[in-house]
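Dear colleague,

Please read them with the model open beside you.

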Amino acid sequence: MEFLEHASRERQLTLPKTADVVIIGGGVLGTSAAFHLADSGRKQVVLLDRGPIGSGTTPFAAGQTGYLNCDEFALKFGTYCIEFFENFAERTGHTIDFHQPGSLRVALTDTFKRDLEGRHDAARGLGHPVEFLSHDRARELVPTFHPPDDCRILFIPRDGWVEPKSVAVAYAAAARDRGVSIHTGVNAQGLDIVDERVRGVRTCEGVIQTEHVVLAAGAWSRQFGQRHGLNLRTVPVRHQAFVTAPVVGVLAEQPIVRVTEPQVYVRPENGGLLCGGYGYRPLSLDMDDFPDDFEIPALKADAVYYQQLTVAASKFFPALSDAVVVQERRGLPTIAPDGRLLVSECKELPGLIVASGCGVGGIDRSPGVGRVVADVVNGDQSWINADMLSADRFGDDYRSDRALRAQCEEIYAHHYHEIY
Ligand SMILES: Cc1cc2nc3c(=O)[nH]c(=O)nc-3n(C[C@H](O)[C@H](O)[C@H](O)COP(=O)(O)OP(=O)(O)OC[C@H]3O[C@@H](n4cnc5c(N)ncnc54)[C@H](O)[C@@H]3O)c2cc1C
């Protein structure tokens with residue numbers, strides 16, 4: 001809170017005329033990039049947001065983490081992320097509201113039971129204490145959960161969830177401690193491009209000359225790129241969740257439950273249940289269809305999505321069918337056509353580094369995204385070969401808006417069904 005007051009006071013200060021790196025967007029990705037850049041020793045880093053810190057999709061997230069993957073790259077990346085959350089205060093000097101009760105991943109069909117076994121074996125191979133649970137044990141851990149007779153349930157103890165805005169705020173505070181200059185209420189209007197490379201950012205309060213711009217503008221990143229002739233393959237796709245009033249039997253520290261086939265997740269929230277799901281009425285959006293002053297809280301609810309989600313989740317959590325909804329959450333996470341992150345410098349426009357394509361996992365992946373951004377700016381490839389996150393990896397694929405949006409909706413429709 002104190003930090004936010006400081007940040008808004010800083011708005012009064014003059015914008016620097018030059019910077020080493022300018023970050024556009026103070027969501028969880030932009031603030032993590034600011035922290036990691038400053039922590040790596042970069043001086044004169046400037047972070048801009050047209051609203052306050054964490055005013056886009058970030059505060060509406062369920063904030064769940066999930067590091068376990070059979071894919072080697074994703075597991076290495078995910079392990080950095082979970083270790084970062086486990087040691088957040090030591091790494092940054094600021095606390096976040098992180099809970100680590102673990103998760104139950106539930107599979108109903110043979111295909112996904114096999115996938116669960118793969119995840120189990122991969123984790124055990126690394127010495128992580130995952131285990132299959134009996135139905136009785138699962139119900140002890142999550143009393144409101146009714147597992148179907150023939151499902152399999154994998155317990156992943158290191159999974160957890162975090163209050164999402166607290167993460168962006170803590171990254172921003174830690175970035176500022178390390179010298180990052182944060183300016184809220186400043187709209188980045190475009191880039192200055194000279195000799196086909198980035199030389200500055202134009203804002204509503206003047207130009208900042210810089211050789212490096214990090215585009216972490218969430219749902220608006222594609223639109224920002226289009227204004228400079230770039231076709232960034234990252235599309236905002238609507239995602240919705242809801243929170244109920246307190247429900248008898250919900251434990252404050254019960255594990256998250258993720259049911260693979262109907263793609264639903266349920267976790268505790270203030271004595272009630274937070275429920276979300278993928279694949280319900282996938283809808284990608286073009287930010288040019290919104291007014292310039294559109295903000296995420298104005299995103300209209302899709303009542304049918306909520307209905308379908310409630311019906312699907314109630315099979316496993318009967319209490320949801322008549323629970324009182326006390327909060328709806330929705331926003332516009334960004335999705336790339338292969339479901340992977342987009343974190344790299346753009347070959348077409350040297351000096352522009354994109355941080356996008358978070359899927360519905362930007363909170364979870366934010367530590368790794370921030371680190372890759374810092375590595376790209378510093379030319380350091382010692383941690384991870386991030387070629388597969390390149391913004392240029394699609395070549396001529398998905399050039400048209402229609403093909404791109406259709407594919408990103410398809411990815412959203414099958415998010416939990418992806419088998420690594
Ligand atoms: C209901 C729901 C549940 C979710 N659950 C999870 C979950 O369990 N786990 C998880 O990891 N993720 C989850 N997510 C996804 C997560 O919220 C996103 O991946 C993440 O917040 C994206 O962060 P971001 O920084 O890319 O974008 P944003 O948070 O949208 O930030 C972008 C920022 O850029 C600023 N901006 C835009 N254009 C400009 C400009 N021209 N000049 C200056 N500033 C600009 C905006 O004001 C905004 O603050 C969920 C999302 C939703 C909606």
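Helix 2 (28–39), strand 2 (45–49), strand 15 (239–244), strand 19 (325–331) and helix 10 (362–378) each contribute at least two residues to the shell around the ligand, where helices (H or I, at least four residues) and strands (E, at least two) are DSSP runs numbered from the N terminus. The model is a predicted one, in which local features need pLDDT of at least 70 and side-chain atom pairs count only at pLDDT 80 or more, while totals for chains, interfaces and linings use all residues. Residues are numbered from 1 along each chain as its sequence is written.

The ligand is surrounded by 42 residues, the closest being Gly 25, Gly 27, Gly 56, Gly 218 and Gly 362; a residue counts as near if its C-beta atom, placed from the backbone, lies within 6 Å. Because domain 1 (2–60 + 164–235 + 337–415) and domain 2 (103–157 + 239–330) both give residues to this shell, the ligand lies between them, the bounds coming from an automatic or database domain assignment.

The C-alpha centres of domain 1 and domain 2 are 29 Å apart, and 15 residues of domain 1 are in contact (C-beta atoms, placed from the backbone, within 7 Å) with eleven of domain 2. On the side of domain 1 that touches domain 2, helix 11 (residues 401–413) supplies the largest share, five residues.

Returning to helix 2, Gly 41 just after it has a positive phi of about 105°.

Best regards

Definitions and conventions: Contact = placed C-beta atoms within 7 Å.
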